[in-house]
Structures are given as structure tokens and as C-alpha cells.
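Here is a short note to read with the model open beside you. Take the points in order and find each residue as it comes up.

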Amino acid sequence: MSQQKDWPLWEVFIRSKQGLDHKHVGSLHAADAEMAIQNARDVYTRRMEGVSIWVVESKHIHASNPDEAAAFFDPANDKVYRHPTFYEVPAEIKNM
Amino acid sequence: MDLHHTPTPAGQEYLPEKRALLLDYTLQLADTSLILGHRLSEWCGHGPILEQDLAMANIALDLIGETRSLYQYAAELEGQSRTEDDLAYLREAVHYKNPLLVEQPNGDFAHTILRQFLFDGYHFLLLQQLQNSPDQRLAAIAAKSFKEASYHLKWSSEWVIRLGDGTEESKARLLKAMDHLWMFSGELFLMTETEQQLAQAGIIPDSASLLPQWEAHVAKVFAEATLEVPQNVFMQKGGKIGRHSEHLGYILTELQYLQRAYPGLEW
């Protein structure tokens, strides 16, 4: 177990079937990318959850700062006109 | 599958003598994957890290799955009233036909990895060939297990490289495991009389002929792992004909305890 803290953390993304996007499913420790993929296979795809795996070292993910959430996201709150709901869809168009 | 025919009972196309050979061989394969699967399952909850704990449990389950298919086939070949459970839980150690390698104790992680690596290379090559067997059941079981064994070999090869070319400590442990385990690798390719006869009949691969490929893979992985292939080691044998180390008795005691103490128990 002492070694494990030396192993970097990896984020795991699984594509559940062809045509869908890879989705974040969790994280794990591994010494390198090859081991991370093998570990992800053993931990996250034992019940047929996936057809493809991506791993990326957690340190390479840059996140937005929660403290700036207000400045980042609140301005979108009152801009409902950005949703494409302000025009009439012609009746002939069935599936929109 | 042709749905318009009721399937004939297994092995009816064989003469009794051939069927007995096939039964003997199927039990040998089944015992081998059962014992190794059981050994790996002993790691459950004790793995060095969570991910490897799961990896070993997954491999154990793959092997037990293969075991079940083989015992089911064996029970049909035998044509008596014995079931897969009887074959796994109610036979004596001297009737087990697994090679000595797979009954060796887990030791430390390096020990388990090396045992697995030596076995996986053989298992991979055997199943690769066995898929082409004219015996359809063995061919089907081999085809299913071959995919699993391919991953096992990838996994254990990676770990041999990591441990061999890792730290001083990991290399020392792997070398210590080599001292214990290499001597059991030869038996995998040593054919019993049963195997010789079935191989001559073209029903199973000639396992002796798999040795050069196995040696090539081992040499390649060891080179990457900065390990030397041991030379001139006296090879142990006997497991395949029922002469086991004392370890098998302990395994069976634990494995068979419940069915011995409470015959027929189900849950």
C-alpha cells in the first residue's frame, strides 16, 4: 500500500457503446497509462459497461474555479433568448 | 446450432476407449483451471491495491467459468450419475490431474504473478490450438476461454516486466519466486499417455510442440524485465498423473469442506 500513494491518479472515461460519447466514470491509481487502462478494464468494465476506455492523468485536467462560479455561470441565467424557442416550427416538420 | 435435431449425448461419436481418454483429458484441464482459480481467489480482499485485487478476482472467475464448462462436459462423457459438483467437490487428491505449478502457494504478489505468467503462456497457446479440435465441445470451450486467456497473458506479462525492471525489492522477490517456480514449468509441456494418444488422433494439440513458442514469449518478456531465463533446472513432474505436492491436500480440504460436511448442500 505504501507504493500506491506514489502512483498518480487517473480519470477514467468509458464509451458504453459505439456512437455514444465517452463518459467520466471515476478515477483510479496506476503507475502509467498502460496500467491505468488495464486497471480501468478490471474495475469499470466487468459488467459489460464499455467498448472503449480513455484514461487521462488527473493533473492534466484543468477545472473551472468553484469560487468563480457566480461570475462564470450566473450571467446565463436571464438570457433565456439564447434557447432556440422563440420561433415557430412549421407544422410540416415533425421531429424537432 | 441445428434446432431440428435433439442433440446426441456428449461423446457418443467416440468408441468407449477414446471416450475414456477424452474424459481423462477434460478432467486434467478442468482440475488445472479449478485449482489455479481457487489459488487466485485466495487473494480476494488481500490484493496489494484495490485494482489488482479485482484483477485477480476477475481472472479467478474466468478460470472457474472455464472449469465449470469442462466439468459439465466431463460429467456427460462419463455418462454416470456424477455432476460437475461431484467432480469438483468429491474426488480425492490422487485423482486430481492438475500440473504441480498451479497448486503452488500464492506466496507474495511476485510469486503469484510469476506462477500466473508461466501458466498463462501455456494456457494461451493450448487454447489457441484447441479451438481447432475436431471435438466440438472442447473447441467451443477453448474459443470462449481463449479471449480471457489472452488478457490474462497480457496482464501477467506486464507485471513480470514491471516487477523485474522495477525496484531492487521487486526484482529480488521475483528472482526468489523464480527459484521456487521455474522447476514446475516443464510439466506443462510434458505429455501424459492420454495426451499422447489424443494428440496422435488429432483431437488435441501436441503440447510438447507448444514449448518453443512458449520459450520465445518468456525470453522476450524476461529480456524486457531484465531477467535471465534459468538454465539447466531439474524439472518436477507428477501432478498430471495424480502425484501431488502436499499443498493440494490443503487446498481440497478447504475447497471441499462444505460438501463433505453437508453432502448435497445448495444455496
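1. A residue is buried under 20% relative accessible area, exposed over 50%, and partly exposed in between. Keep in mind that this is a predicted model. Try the rule on Arg137(B): its relative accessible area is 31%, so the residue counts as partly exposed.

2. Start with the sheet in chain A. The sheet is open and has three strands, in the order 2-1-3, with antiparallel pairing. Which strands sit at the edges? They are strand 2 (22-29) and strand 3 of chain A, and each of them pairs on one side only. On average, neighbouring strands are turned by 25 degrees against each other, direction ignored.

3. Look at one pairing. Strand 1 (residues 9-15) and strand 2 of chain A run antiparallel, joined by seven bridges. Within chain A, Phe13(A) stands opposite His24(A) of strand 2. Helix 1 of chain A packs on the sheet and touches strand 1, strand 2 and strand 3. The direction of helix 1 makes about 110 degrees with that of strand 2 of chain A.

4. Two residues deserve a check of their backbone angles. Met48(A) has a phi near 60 degrees, a positive value in a residue other than glycine. Met48(A) sits in the loop between helix 1 (33-44) and strand 3 (52-57) of chain A. Its relative accessible area is 79%, so Met48(A) is exposed.

5. The second case is in chain B. Thr226(B) is not a glycine, yet its phi is positive, about 55 degrees. Find Thr226(B) in the loop between helix 9 (211-224) and helix 10 (246-261) of chain B. Thr226(B) has 39% relative accessibility, so it counts as partly exposed.

6. Now a charged residue without a salt bridge. Glu103(B) lies in helix 4 (residues 100-103) of chain B. Is Glu103(B) buried or exposed? Glu103(B) is buried, and the nearest side chain of opposite charge, Arg39(B), is 7.5 Å away. What does the side chain of Glu103(B) make a polar contact with? The partner is the side chain of Ser245(B), at 2.6 Å. Beyond four places in sequence, the contacts of Glu103(B) include Ile35(B), Asn98(B), His247(B) and Leu248(B).

7. How many salt bridges are there over all chains? The count comes to 16. One of them joins Asp32(A) and Arg162(B), with the closest N and O atoms 2.9 Å apart. This pair crosses between chains, from the loop between strand 2 and helix 1 of chain A to helix 6 (residues 136-164) of chain B. Asp32(A) is partly exposed at 29%, whereas Arg162(B) is buried at 19%.

8. Another salt bridge links Lys154(B) and Glu34(A), with the closest N and O atoms 3.1 Å apart. Lys154(B) lies in helix 6 of chain B and Glu34(A) in helix 1 of chain A, so this pair joins two chains. Lys154(B) is partly exposed at 41%, and Glu34(A) is partly exposed at 31%.

9. Return to Arg137(B). Its side chain meets that of Glu76(B) in a salt bridge (3.1 Å, N to O). Glu76(B) lies in helix 2 (residues 50-78) and Arg137(B) in helix 6, both of chain B, so the pair ties together parts that are 61 residues apart in sequence. Glu76(B) is partly exposed at 37% relative accessibility. Finally, salt bridges that share partners join Asp32(A), Glu158(B) and Arg162(B) into one network.

Note on methods:
Residues are numbered from 1 along each chain as its sequence is written. Chains are lettered from A and ligands numbered from 1 in the order in which they are written. This is a predicted model: local features need pLDDT of at least 70, side-chain atom pairs count only at pLDDT 80 or more; totals for chains, interfaces and linings use all residues. Side-chain values use heavy atoms; hydrogens and water are left out. Helices (H or I, at least four residues) and strands (E, at least two) are DSSP runs, numbered from the N terminus. Buried means under 20% relative accessible area, exposed over 50%, partly exposed in between (1.4 Å probe, protein chains only). Two strands pair if DSSP finds at least two bridges between them. Axes are lines fitted to C-alpha atoms, for helices over the stretch in contact, and angles run from 0 to 180 degrees between N-to-C directions. Contact means heavy atoms within 4.5 Å. Lys and Arg count as positive and Asp and Glu as negative; His and the chain ends are not counted. A salt bridge is a side-chain nitrogen of Lys or Arg within 4 Å of a carboxyl oxygen of Asp or Glu. A polar contact is a pair of N or O atoms within 3.5 Å; within protein, one must be able to donate a hydrogen and the other to accept it, and residues adjacent in sequence count only if both atoms are side-chain atoms.
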